[in-house]
Amino acid sequence: MEVKTSAPGKLMFFGEHAVVYGIPCISFAVNQRLYCKIKERKDKKILLNFPDLGIKNYEFNGKTENKKIGFVSSAINNILEGVKEKRGFDLETKSEMKIGIGTSSASVVATIIALDKFFSLDLKKEDIFNIGYKSVLDVQGTGSGYDVATSVYGGMIKYIKGEKPIEIKYPENLCLVVGHTGVKADTKKIVEQVGEKRKDYPHFFDDIFGLTKRCIEEVEKGLRESDLRKLADMMNFTHGILNGMGVSHPKLEELIFASKNAGALGAKLSGAGGGDCMIALVTEESKDKVISAIREHRGIPFEVRIKNGAKVENEITDF
Ligand code: MEV
C-alpha cells in the first residue's frame, strides 16, 4: 500500500504575536507545498527519508535526537499512540518551499494525513489539527497553532488560538508579493522576548493587542468589501505596531520601504519578525516593479497565491 499527501505552506496576513495571547489572526495557505509518501514494508520497521535534508533510511524508534526530523517524528509518535496494529513503512518527504514559510507545520500535517489514510483512522479536520498542533508543541514548546490550522484548512482563515478556524472570503484581485530578507529569524526567541516585554508593560500590551483586534475587524470588512485601500492602511498600521513592539529588523524595514516606493499599496512584516518575510499588497500594474525593487535591495521576492489545504495526492506520478 502507498499513500501520497501534500500540505501547503502558510503566511500570516494580520495578527502575529497578538494571536499567541488569544487575539484572532488572519492567515492564508500558499501555492508552495510539502509532499509526503508512505509505502508499506514487509517488516515492521519505520524508515524515514528526507532527501532535501540529506537523510536516507533513518530508522525511527520512537525518540529522536535529530532536530531536523523532530517535527515528522513527533507527528508519527502522536499518531502511533492511537494505533494498536503494528505495520512498517517507508516515509519520504519532498518540499517545494524554497524558504521557510511553514515547512515544519506542513511536514507535520502532510505526515498525519498520510498516516491517517495508511491506518484507515478516518480522522476529521479538527482531529488532524489537534494532533498536528500537539506535535508542533511537543517539539518547539510554544506557538499559537495558526500555522497548523492554515495548512490543514487552506484558503484564508480567521484563527483564534486552539479554536476551529473560520474560512474567510477574499477579493479576487488580492495580489500579494513576499520579500524574504535572507535573515533567518528565531521565532521561539522573538515570541519569548515579546512575552518578557509584556510582563514589563502589561497595560501597554493590553492596548496594543486591543488595537490589533480592532485592526482585524477592519481587515475583515476590507476583505468583504474588496476595499484594497483599507487593507493597505491596516498593513501599514499593524506594521507600525509590530515595529513599536521591537520585532522588526533593518532588512525588513528596507524591503518594506522599497516596496512602497515601488508602488505597493501597503506592506508589513509577516510572521514573528526579526528577519524572515515581509509581505506587500500590490496591483497587477505595480507587481513587477515591487518584485524588482525587493530584488534590487537583495531580498528574495516571490508572488504568492492563496491555495487549498492539505490533501491526499495519490494521482501524483513524479514522486
Ligand atoms: C509566527 O509565525 C507568528 C507568531 O504569532 C507566533 C505564533 O503565532 O505561533 C509570532
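**Legends: the interface of domain 1 and domain 2**

Across the interface of domain 1 and domain 2, two salt bridges are found. The views below are drawn from a predicted model.

**View 1. Salt bridge between lysine 268 and glutamate 16.** Lysine 268 pairs with glutamate 16 in a salt bridge. The closest N and O atoms of lysine 268 and glutamate 16 are 2.9 Å apart.

**View 2. Polar contacts between the domains.** Six residue pairs are in polar contact across the interface of domain 1 and domain 2, with both residues of each pair at pLDDT 80 or more.

**View 3. Strands on the domain 1 side.** At least two residues each are supplied to the side of domain 1 that touches domain 2 by strand E1 (2-14), strand E2 (25-40) and strand E6 (156-159). E2 provides the largest share of this side, six residues. By class, the side of domain 1 that touches domain 2 comprises 17 nonpolar, six polar and two charged residues.

View 4. Domain 1 covers 2-168 + 308-312, and domain 2 covers 175-304. From domain 1, 25 residues take part in the contact, and from domain 2, 33 residues. The C-alpha centres of domain 1 and domain 2 are 26 Å apart.

**View 5. Buried area around Phe14, His17 and Tyr21.** Between them, domain 1 and domain 2 bury about 2500 Å², of which 77% is on carbon and sulfur atoms. Of the area that domain 1 buries against domain 2, 28% is supplied by Phe14, His17 and Tyr21, more than by any other three residues.

Definitions and conventions: Residues numbered from 1 in each chain as written. Predicted model: local features only at pLDDT ≥ 70, side-chain atom pairs only at ≥ 80, totals over all residues. Heavy atoms only, no water. Domains from an automatic or database assignment. Contact = heavy atoms within 4.5 Å. Buried area = accessible area lost by both parts, 1.4 Å probe. Salt bridge = Lys/Arg side-chain N within 4 Å of Asp/Glu carboxyl O. Polar contact = N/O pair within 3.5 Å; in protein donor to acceptor, adjacent residues only side chain to side chain. Helix = DSSP H or I, 4+ residues; strand = E, 2+ residues; numbered from the N terminus. Nonpolar A, V, L, I, M, F, W, Y, C, P; charged D, E, K, R; others polar.
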